[in-house]
Amino acid sequence: MDKYQDLFIDFDDTLYDTYGNAVIALQETFDAFHLEQYFDNPQVFYDAYWAANIDLWTRYSKGEITRPHLIVERFRRPLSEGKGLDITEQYCLEMSDRFLDFCSCKSGVIEGAHELMSYLKQKGYRMHMCSNGFHEVQYKKLASCGLRDFFDTIILSEDAGVNKPSPLYFDYALKVSGAKRQNTLMIGDNLNTDIKGALSAGIDALLFNRWQVNLSESTITPTYIAETLLDIKKVL
């Protein structure tokens, strides 16, 4: 649509298959640390990790916890489900570093990601990556998946000093990108951090409904909804 000149685009699980890549990386981490010695069933570790990860990232986005707390706690919790482990902060940090190394070298993207970004670039949109992800990890992932050159600006919460969905994050993104609020569209998969955050900041928002959210049960109403990435071409 001619109304929009700038696109704020979430990265993790919108373009980059963060979940799919992390599933593989978590298995690699389990093997690298020989956790089979402490877990009769690896699935116990995996399930506990995902439960912790979702809870901690939700709290981190609200500013309730710090990055160091998230990094340690998301491994301390699943490791506590094992038997005979000496779970120190250092051990959790070492596991986190290895896990993030495994994650960041993965090239997996959501189906249609490259095609959509090529289409949007050809249409002349200015595109800005808007993410709560960690600085050093996001740049590695961008390089691994080949999406870096599509973005005019990389806007990370660590640089903004505040996370999505805070309106202050979006104010910062508008300032850094030079975009105008009324001519900008946010695209993301998270109904709270991406959609509610943008709408609260006076920015239109498109939900990539990757997780099949039942919007009839939500008080949040996206400006647009797309079930697949390529459906976004019908809007833009």
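Trainee: Which residues does Ala-201 touch, not counting residues up to four places away in sequence?
Mentor: Ala-201 touches Pro-167, Phe-170 and Arg-181, where contact means heavy atoms within 4.5 Å. Before we go on: this is a predicted model, so local features need pLDDT of at least 70, side-chain atom pairs count only at pLDDT 80 or more, and totals for chains, interfaces and linings use all residues. Residues are numbered from 1 along each chain as its sequence is written, and side-chain values use heavy atoms, with hydrogens and water left out.

Trainee: Thanks! Where is Ala-201 found, and is Ala-201 buried or exposed?
Mentor: Look in the loop between helix 9 (191-200) and strand 5 (204-208). Helices (H or I, at least four residues) and strands (E, at least two) are DSSP runs, numbered from the N terminus. Ala-201 has a relative accessible area of 9%, so it is buried. The cut-offs are under 20% for buried, over 50% for exposed and partly exposed in between, with a 1.4 Å probe and protein chains only.

Trainee: And how far apart are the C-alpha atoms of Ala-201 and Arg-181?
Mentor: They are separated by 8.4 Å, with the two residues 20 apart along the chain.

Trainee: Switching to helices: at what angle do helix 3 and helix 4 cross?
Mentor: Helix 3 (residues 67-79) and helix 4 (residues 89-104) cross at roughly 105 degrees, and their axes come within 8 Å. Axes are lines fitted to C-alpha atoms, for helices over the stretch in contact, and angles run from 0 to 180 degrees between N-to-C directions. The two helices are therefore roughly perpendicular to each other. Angles of 65 to 115 degrees count as roughly perpendicular, under 35 as roughly parallel, over 145 as roughly antiparallel and the rest as oblique.

Trainee: What kinds of residues are in the contact of helix 3 with helix 4?
Mentor: Ten nonpolar, one polar and three charged. Here Ala, Val, Leu, Ile, Met, Phe, Trp, Tyr, Cys and Pro count as nonpolar, Asp, Glu, Lys and Arg as charged, and the others, Gly among them, as polar.

Trainee: OK, and how does helix 4 pack with helix 6?
Mentor: Helix 4 and helix 6 (residues 135-145) pack at about 30 degrees, with axes 9 Å apart. That makes helix 4 roughly parallel to helix 6. Leu-100, Asp-101 and Ser-104 of helix 4 meet Val-137, Lys-140, Lys-141 and Ser-144 of helix 6.

Trainee: What volume does the largest pocket have?
Mentor: About 910 Å³. On a 1 Å grid over the protein atoms alone, a pocket is an open set of points where a 1.4 Å probe fits, with protein on both sides within 12 Å along at least five of seven lines; lining residues have an atom within 4 Å of a point. Grid points are joined across faces, edges and corners, and the volume is the space filled by probe spheres set on the points.

Trainee: Which lining residues are closest to the centre of the largest pocket?
Mentor: Of the 33 lining residues, those are Asp-12, Asp-13, Thr-18, Asn-53 and Trp-57. Helix 2 gives the largest share of the lining, seven residues.

Trainee: Last one: which residues does the cis peptide bond join?
Mentor: Lys-164 and Pro-165, with omega about 15 degrees. Pro-165 sits in the loop between helix 7 (157-160) and helix 8 (167-177).
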